[in-house]
Amino acid sequence: MLKKITTVASVVLLSALTACGSGGGGSTGTSGGDAITMGFAQVGAESGWRTANTKSVQDEAKAAGIDLKFSDAQQKQENQIKAIRSYIQQKVSVIAFSPVVETGWDTVLLEAKRANIPVILTDRSIDSDDTSLYKTFLGSDFVEEGRKAGDWMVANASGPTNVVELQGTTGAAPAIDRKKGFEEKIASKPDIKVVASQSGDFTRSGGKQVMEAFLKSQPKIDVVYAHNDDMGLGAIEAIKAAGKVPGKDIKIITVDAVKDGMQALANGEINFIVECNPLLGKQLMDLAKKVVKGEQVPERVVTEEGTFTQEQAKAALPQRQY
């Protein structure tokens, strides 16, 4: 894998801030006055990024001595709401979740607030007028990620350029924001046109299916802009099946920088990747401890991330953690 503030160089990473728990201490288990229990409602397992994110949360909860109750929503909002209500009934110390979509959270989060259980948003934020429903939001600036992709597109386009866009899950913050940031930047160059845009649901299979349809419906495609690596990797499969060369005949821009995407970039099948760091577990656990103790935390904690070209991917891959 969570509102919308442009990343600036002065943003402090706050690696000491992590989220978890109830009662203030860091001991394991649910018994004892200082024990912290976190209910974490994950989006699902739709991508390599999400798998790395889940592992980071689970590993860092264990390292911090936080009792983690984990649920996989399988990309369905109703499953996340059900999980959050279950955590409220179990009287966990703190609830953290990465919202499937931006809207529709006020009712259940008000229930958590009335139960005096603090909530932390991680990876994705929500669209709500009531910011008192959560304590903080830890994650990437998705609009800025879209801008970085757009900057590369503007710098590398020569003449009329037809772009097809593989959007993330409809209504999800990263899908909305990555589209917005990209469009903001390419607006300066009228020759660049997004000729088709459709959701691939952040999955490799979805990216492949949508790209297959684009290849049939669009007479000329110069660039694919995929909202995550997995959809870009799916697009590569479709492009190859159509007898074209990914990275040459059709250039590809993606977001995430997971290992499979970075390998494709190193191989020249992807041309540019904007990083979105999934390793949020430690920051989340630190934030949780502070929130449970009643300490003040920033309303927004932005993770610092970069971008990768082919040569940079080759250099980074040997030490890549995800």
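The buried residues of α2 are covered by elements that include β1 (37-42), β2 (67-72), β3 (94-97) and α3 (106-114). Here contact means heavy atoms within 4.5 Å, and buried means under 20% relative accessible area, exposed over 50% and partly exposed in between (1.4 Å probe, protein chains only). This is a predicted model, in which local features need pLDDT of at least 70, side-chain atom pairs count only at pLDDT 80 or more, and totals for chains, interfaces and linings use all residues. Residues are numbered from 1 along each chain as its sequence is written, and side-chain values use heavy atoms, with hydrogens and water left out.

**Helix α2**
- Helices (H or I, at least four residues) and strands (E, at least two) are DSSP runs, numbered from the N terminus.
- α2 covers residues 77-89.
- Gln80, Ile81, Ala83, Ile84, Tyr87 and Ile88 are buried in α2.
- Down the axis of α2, the buried residues fall within an arc of 160 degrees, so they line one face of the helix; the arc is that of the directions from the helix axis to the C-beta atoms.
- Glu78, Lys82 and Gln89 are exposed on the other side of α2.
- Lys91, which follows α2, has a positive phi, near 55 degrees.

**The sheet**
- An open sheet of 6 strands has the order β2-β1-β3-β4-β5-β11, with parallel pairing; two strands pair if DSSP finds at least two bridges between them.
- The edge strands, β2 and β11 (300-302), each pair on one side only.
- β1 and β2 run parallel and are joined by 6 bridges.
- Met38 has Leu68 in β2 as its bridge partner.
- Phe40 stands opposite Phe70 in β2.

Definitions and conventions: The expected span of a helix is 1.5 Å times one less than its number of residues.
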